[in-house]
Amino acid sequence: MKLWTMRMAGSVALESSNMLHSSRDDKLPVVNNFMDAGHEPGKGLYFADGKRKVDYVLVYQYRRPSSLHESPGQHRLSVISNGSFPRVGSKEPEGVKEEHAEVVLDMGPADPAEGEKIMIREEFEANLREAGLEMERDNEHKVHGQGFIRVHAPWQVLSREAEFLKIKVPTKKSYEMKEDKGLSATMSAVWRKLNQPFQPNIPHLQLQSRTKFLSHSFSRDKLHLYNIESKDTFFDNATRSRIVYEILRRTACTRTCQTMGITTLIAKGVYDSAFPLHDGDFKDNEHSEGKNDRQLLHDEWARYGAIFKYQPLDLIRNYFGEKIGLYFAWLGVYTHLLALASLVGIIVFLYGCFTIDSNIPSLEMCDETQNFTMCPLCDRACDYWHLSTACGTARASHLFDNPATVFFAIFMSLWAVMFLEHWKRRQNSLNYSWNMTGMEEEEEHPRPKYETLLLQKRQRKRRNRKKNKSESGDEKLTWRDRLPGYFINISSILLMFGVTFAAVFGVIMYRITVSALLAMSQDPQIKSNARVTVTATAVIINLVVILILDEIYGSVAVWLTELEIPKTETNFEERLILKAFLLKFMNAYAPIFYVAFFKGRFAGRPGDYVYIFNDYRMEECAPGGCLIELCIQLSIIMLGKQLIQNNVFEIAIPKLKKLFRSLKEKKRAPEERVEQTGRALRQWHLDYNLEPFDGLTPEYMEMIIQFGFVSLFVASFPLAPLFALLNNIIEIRLDAKKFVTELRRPDAVRAKDIGIWYNILSGLGKFSVIINAFVISFTSDFIPRLVYQYMYSETGTMHGFIDHTLSYFNVSHFKAGTAPASSAVTVCRYKDYREPPWSSEPYQFSRQYWAVLAARLAFVILFQNLVMFMGVLVAWVIPDVPKNISEQLKREKTLLVDVFMNEEKEKLQLIQSLFSKEATQTRQQQSPLSQLAQDALKTQLPLPHLAQTDDPVAAGATIPLTARSRTRPRAASFSQFTRQGSTSPRSEAGRHTAV
């Protein structure tokens, strides 16, 4: 459609503007979207009138067909008037400058797709106004850019939606909580005194007393129960934004497109984004009394200077909502309990350090006089070697493979149970203090993709119904619609598993080849350190592969979940979490599982080794066992993953994105940059420039993988809890800074728990018991030592243990071309329980092998059942709900019932008093009539003046007049009372009161 521009006089301009002004712009006030120079930035939290608060912001992209700046006298293309010209008799909106030297007329957008988006926005915004929301838009003064629509919810909308959502608010009724007495009171006072320096300096949280106000679901019929000082501040900002988001989510567009909710419109590109505003700037304004919640969170939570303080969980919940508040509460509980596990781990490690010089097996390995000649580590190129050269590995292995390791494994299994039980108590306490008890599950709206596919299916059914009228239409997607997605999911997950195993196999090939190359070296120093060198470099390669595949698997998990077409966001999130956890768990732990349970198990024996591709011999464990290699693998992957993810993915990448956005802004048109010179951006512009919030899944996933490192293989690395503790102390502040300063404000979402993450934690805790049992029994030498000491040792000590674990091999039995070139050695040793070559069954498993295997299996069964039983016992001893919370819940229920019963009694008394008052007045009015009736009966005279025209028995009545005169006033008084009661707010509240 062609656009024509004309210059007009001021009066004609006003008329044309009003004529072409859309209905949308008629109802939306239009203001300038920049502040004048001199105004303080970030204060755009209200409408132009300075009274109505901005509860939500909608952003859309617009593009005009041509520029406004051309020489006078030329015919130009231009754009539609944006409604900034006030109507006749109306006042200019505040902040609007007189910049209307010319009028721009638009006959329609040039792009049909853009025109369709405009129509959808008009219908959507009209429906929002019908729902009671008030909106204000920007003056579209540029050729293209972002348009901002501010949304405000008045009191009528807030009260209505709060009642629908059953939001709990405090009432006027309060009670005093019980105070501790005796020793417990003294201990509580001392504990509060000691904790005072670590408490955040939050003014309104420090004023808390032992007075507790009862909370009840908001109801418009019970406004007298609530302490409403101001309707503008009764609901906090998070609650207001949540109410607006609920309206945005359920508002439909049925005329222009069959869609529902703002999420669908954002997915279709109608809107660019939608978010609530932050409470101003996070930088301190040097007035502590005037700090907003964002500044308090930044100063008392998101700074490294506050690293020694507790988290202000109540303020976090008030600002970000319960879901994010529960995440940081869970992270805090996890970090606090890691301190205990770290302390025990340090003690276990120090025990290994103090007993290393008295460990008999390591002393025997380091004794050069025993002269254990070992078989070659590779074919042809490798020579025979002495066991004493592995002395360093044996001594290091004792640091993590000692009797205290078993105790630590049992302790950590119980610690995992105690952590989950403690979290359940903490979660229930927070639910009580945050008024989340008894919260019902909210009905969720379908996701945009689900709605789109369902609409397409309905259209196909409608077409088929015209052809085959007997066919009925489906109103939901069935498993047949999702079958292709399920098939792709299964095949893709199997493919990802194959990629992970291929990466592990590639690292195995690297270890085998590099080990052979280092063994052929002539430098004795390189030969002696070959195993440690190969292990460390291979782990670094594993770490790089894990980090790369982690990012790939995260994107793949999102794509696979989209193919399943989940109906709601909750279903989508749960399926995404399961896929991402499965893929990332396999990716992170596959190399560790290989070292723990597979390395050296299938290598064979001298003369009968297992080969890969007929050339590469399978690698074996070190003489001191595979536990030290498992320790190196676990420590490097865990520390590297945490350091790189924290420093690169959470610090460097956001800064790079911010730098990219700034460079992109510099490339804008010069006139746009000049236009903003000397003007300060409003708060919605500042928030729009921040990163959007993508959910808590990455944050939880990082901690869950870390929990696996801490619990699954902790028997091989007792210092894992210590490094996890140090990481989490920094992680809390990193996440806090990210939420406060770098992300848009998330929608406040209610939640009673952490969802499916708790089930994953519980499963990992139970799985860790089995893993640690197998690590101790099969990976470490704990069981072989016990078997030797109590079954085969002549002195009951560990003397001779190394010789007992080494078998003999006759070098003449090597396959041709595999033995070293020339040597005087006739017999070499290798680590295994096999019969010697002079036995009747040479190189077969010996009786010691079967005895040790039986002991290992018995230990697994005993360890698993013992720890499981102790875990159940701990879970039974620790109640899920603290005793004081359960008592307060019962007391509050009783008090609420008393409040409602007293309210009902007052209403009944009021009704009775009004009824008796009406009856008394009626008797007084009818007393003269009664006297006249009695006189008439005595004289048998008619009473014409007493008859009423609307009385159904006025003519020819057989009822005595005294009875009629007594009955009519009663009926009239009761009907009069009911009419008056229906208009009374007290009676209206009474009719809607439920006890």
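This is a predicted model: local features need pLDDT of at least 70, side-chain atom pairs count only at pLDDT 80 or more; totals for chains, interfaces and linings use all residues.
I started with Cys631, which counts as buried at 5% relative accessibility. Buried here means under 20% relative accessible area, exposed means over 50%, and partly exposed is in between, with a 1.4 Å probe and protein chains only. Then I looked up Cys353, and that one counts as partly exposed at 28% relative accessibility.

Residues are numbered from 1 along each chain as its sequence is written, and side-chain values use heavy atoms, with hydrogens and water left out.

**Disulfides**

Next I wanted the disulfides (pairs of cysteine sulfur atoms within 2.5 Å). The structure holds three.

I looked at Cys366 and Cys391, which are joined with an S to S distance of 1.8 Å. What hand does this disulfide have? The torsion about the S-S bond is about 90°, so it is right-handed. Cys366 sits in helix α12 (residues 360-366) and Cys391 in helix α13 (residues 391-400), so the link ties together parts 25 residues apart in sequence. For my own reference, helices (H or I, at least four residues) and strands (E, at least two) are DSSP runs, numbered from the N terminus. Cys366 came up as partly exposed, at a relative accessible area of 22%.

On to Cys375 and Cys828, whose sulfur atoms are 1.9 Å apart in a disulfide. With a torsion of about 80° about the S-S bond, this disulfide is right-handed. Where do the two cysteines sit? Cys375 is in the loop between β11 (373-374) and β12 (385-386), and Cys828 is in strand β19 (residues 827-831), so the pair ties together parts 453 residues apart in sequence. Are these two buried or exposed? Cys375 counts as buried at 5% relative accessibility, and Cys828 is buried with a relative accessible area of 0%.

My other disulfide entry is Cys621 to Cys626, at 1.4 Å from S to S. I noted -90° about the S-S bond, and the link is left-handed. Cys621 is partly exposed, with a relative accessible area of 23%, whereas Cys626 is buried at 2%.

**Aromatic rings**

I moved on to the rings. Those of Phe, Tyr and Trp (its six-membered ring) pair if their centres lie within 6.5 Å; planes under 30 degrees apart count as stacked, over 60 as edge-to-face and the rest as tilted. How many aromatic pairs does the structure hold? I found 51.

One of them that I checked is Tyr319 with Phe320, an edge-to-face pair at 4.8 Å centre to centre with 80° between the planes. Tyr319 counts as buried at 1% relative accessibility, and Phe320 counts as buried at 0%.

I also looked up Phe717 and Phe723, whose ring centres are 6.0 Å apart with planes at 15°, so this pair is stacked. Phe717 counts as buried at 4% relative accessibility, but Phe723 counts as partly exposed at 27%.

**Charges over rings**

Last, I checked for charges over rings (NZ of Lys or CZ of Arg within 6 Å of the ring centre and within 35 degrees of the ring normal). Arg150 lies over the face of Trp684, 4.1 Å from the ring centre. I noted Arg834 over the face of Phe845 too, at 4.2 Å from the ring centre.
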